[in-house]
Amino acid sequence: MESLGATTRMNDNCRAEQLRLCLVHERALFRESLARLLGAEPDFALIAACPTPAEALDLLSRSGVDVVLLDLSGKGAIEFMAAARNLGYEGKFLVVTSTVDAASSAQALKSGASGIFLESNSSSRLIQAVRLVADGEAWLEQGLIQMLADRYPVTEDPRLCIAELTGRQQTVVQGVVEGLSNRKIADRLGMSEGTVKSTLQQLFARAGVRTRSQLVRAALEGTLNDGGTLNHGGANTEHVHG
């Protein structure tokens with residue numbers, strides 16, 4: 001890890017309400033710029049800015065990190081997420097990349113990424129994406145959703161068969177695809193936010209996924225019937241912008 005200032009070193013004095021972040025990016029100029037941006041936010045504590053996945057894994061094995069920001073185009077990004085989980089890391093991954101394609105994006109979501117953020121977006125959107133991912137939400141670009149839908153059309157035996165779900169589960173899935181928060185889904189269903197969270201856990205187990213963004217991918221591989229139609233031509237997803 002390089003020395004870019006106090007924000008990149010282990011920080012035992014960060015406040016309990018601060019989000020502990022780790023940045024992994026091989027391009028030094030971009031890494032330094034992003035480190036300054038993240039370090040300037042009062043509710044962020046940048047623990048380290050690492051040029052390689054190996055250095056980040058060493059950090060994750062001995063410190064608590066809430067969100068890891070990494071570059072999908074970098075070498076070993078998918079392997080890094082798997083290795084981090086094997087080490088017991090339970091935080092979130094946010095991919096920050098200059099380009100995306102359907103295959104690598106789908107693999108990243110399957111590997112546990114909670115969001116994929118394009119570098120062409122503004123810095124304010126990145127700050128928003130980090131906070132949302134830390135809160136358990138997903139960040140996916142509208143164009144990426146369409147790309148995934150085109151690459152992975154409806155299958156005859158989808159992993160998440162919407163027609164077999166209960167009405168409550170179907171409504172929760174639809175809410176996730178529309179980009180609604182747990183609170184807004186709860187308001188729509190007239191139930192508690194805790195019940196929505198419990199239903200989401202049931203859906204995660206049924207679909208064999210771990211995150212909301214992976215659930216979106218599973219839903220894209222199936223169909224929503226009647227009152228909650230999901231068609232690949234106009235799907236929205238959580239916190240889609242632009």
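## Helices α7 and α8

In this predicted model, helix α7 (residues 167-178) and helix α8 (residues 182-189) have axes that come within 10 Å and cross at roughly 140°. Axes are lines fitted to C-alpha atoms, for helices over the stretch in contact, and angles run from 0 to 180 degrees between N-to-C directions. Helix α7 is therefore oblique to α8; angles under 35 degrees count as roughly parallel, over 145 as roughly antiparallel, 65 to 115 as roughly perpendicular and the rest as oblique. Helices (H or I, at least four residues) are DSSP runs, numbered from the N terminus.

The crossing of α7 and α8 is right-handed, a term for a near helix turned clockwise from the far one by less than a right angle. Arg 168, Thr 171, Val 172, Gln 174, Gly 175, Val 176 and Glu 178 of α7 are in contact (heavy atoms within 4.5 Å) with Ile 185, Arg 188 and Leu 189 of α8. This contact comprises 4 nonpolar, 3 polar and 3 charged residues. Ala, Val, Leu, Ile, Met, Phe, Trp, Tyr, Cys and Pro count as nonpolar, Asp, Glu, Lys and Arg as charged, and the others, Gly among them, as polar.

## Helices α2 and α3

The axes of helix α2 (residues 53-60) and helix α3 (residues 77-86) also come within 10 Å, crossing at roughly 15°. The two helices are therefore roughly parallel to each other, and their crossing is right-handed.

From α2, Pro 53, Ala 56, Leu 57 and Leu 60 meet Phe 80, Ala 83 and Ala 84 of α3. The contact has 7 nonpolar residues, with no polar and no charged ones.

## Helices α1 and α5

Helix α1 (residues 28-39) packs against helix α5 (residues 123-134) at an angle of about 65°, with the axes 11 Å apart. Leu 34, Leu 37 and Leu 38 in α1 meet Ser 123, Leu 126 and Ile 127 in α5. By class, 5 residues of this contact are nonpolar, 1 is polar and none is charged.

## The largest pocket

The largest pocket holds about 330 Å³ of space and is lined by 16 residues, with Lys 92, Gly 136, Gln 201, Phe 204 and Arg 210 nearest its centre. On a 1 Å grid over the protein atoms alone, a pocket is an open set of points where a 1.4 Å probe fits, with protein on both sides within 12 Å along at least five of seven lines; lining residues have an atom within 4 Å of a point. Grid points are joined across faces, edges and corners, and a volume is the space filled by probe spheres set on the points.

Helix α9 (residues 193-207) contributes the largest share of the lining, 4 residues. The lining has 2 nonpolar, 6 polar and 8 charged residues.

## Basis of the values

Residues are numbered from 1 along each chain as its sequence is written, and side-chain values use heavy atoms, leaving out hydrogens and water. In this predicted model, local features need pLDDT of at least 70 and side-chain atom pairs count only at pLDDT 80 or more, whereas totals for chains, interfaces and linings use all residues.
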